[in-house]
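Good morning, and thank you for coming.

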Amino acid sequence: MNVTSTCRDINELHSVAQTACRLFLEECKKGGLDIFITETYRSQERQDYLYSQGRTRPGPVVTWTLKSNHKSRLAWDIACNKPSLYDAATLKKAGLIAMSLGIGWGGVWKTPDMPHFEVTTGWIVPKIGEDDEEMLKDRFVPKEQKDLTTGQLNMLNRLIEVGAVAKDYKPSLNILETMSIIDSAFKNTGFYDFAKNNK
């Protein structure tokens, strides 16, 4: 494979990343997101080639680093079939899904890379033990917005404002916890301002 060729094969990822990527795609499909993989493994030579674009080679800058988890076979990029190739609303929803699965999302970085997703070799499939299922069942029941605390509602409204969730979204307690982590990350990276300005 030469430096101009893009690898889109999930099988070229580390075994842990293969599992994470397939689970991510499955959950995105369940969520109605029409996305596809644009790149998985990337050699150092290809990373160098991409880094040179917009610097020593013509074209827009496409990467900010010479060191990428694509080289470690732990990262993948996506794009959207519709409504546009890099639709911000779709990428935000994919980012929320990824983060709920413990998958890293470039959309919350200081320099956002919304189509980028990655894991570490220590990533494990999120699961609930059989003994916990009954006890946790209520945690997955959607709550009406009027039943949320003021803090939860404020957090939800911020996510609604940037198009990450629908206006009538009813989160469960489990989702609210995940959203709280995402909300904190978004505030700390200035992502909310970025998202508002790029709608």
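Leaving aside its neighbours within four places in sequence, which residues is Arg42 in contact with? First, a word on the basis: this is a predicted model, in which local features need pLDDT of at least 70 and side-chain atom pairs count only at pLDDT 80 or more, while totals for chains, interfaces and linings use all residues. Residues are numbered from 1 along each chain as its sequence is written, and side-chain values use heavy atoms, with hydrogens and water left out.

With those neighbours set aside, Arg42 is in contact with Gln47, Leu50, Ser68, His70, Lys71 and Asp77, contact being heavy atoms within 4.5 Å. Arg42 lies in the loop between β1 and α2 (44-52); helices (H or I, at least four residues) and strands (E, at least two) are DSSP runs, numbered from the N terminus. Its relative accessible area is 6%, so Arg42 counts as buried; the term means under 20% relative accessible area, with a 1.4 Å probe and protein chains only. Its side chain makes polar contacts with the side chains of Glu39, at 2.9 Å, and Gln47, at 2.8 Å. A polar contact is a pair of N or O atoms within 3.5 Å; within protein, one must be able to donate a hydrogen and the other to accept it, and residues adjacent in sequence count only if both atoms are side-chain atoms.

Six of the six residues in β2 (residues 75-80) are buried. Ala75, Asp77 and Ala79 point one way, and Trp76, Ile78 and Cys80 the other. In a regular strand the side chains alternate between the two faces of the sheet.

Ile35 has Cys80 as its bridge partner, and Trp76 has Phe117.

The largest nonpolar core has 44 residues, of which Phe24, Trp76, Ile78, Ile103, Phe117 and Val119 touch the most other members. Its largest share, seven residues, comes from α1. Such a core is a set of buried Ala, Val, Leu, Ile, Met, Phe, Trp, Tyr and Cys residues joined through side-chain atoms within 4.5 Å.

Finally, Ala94, in helix α3 (residues 88-100), is buried because its relative accessible area is 0%. Its contacts beyond four places in sequence include Phe24, Ile78 and Phe117.

Notes. Buried means under 20% relative accessible area, exposed over 50%, partly exposed in between (1.4 Å probe, protein chains only). Two strands pair if DSSP finds at least two bridges between them.
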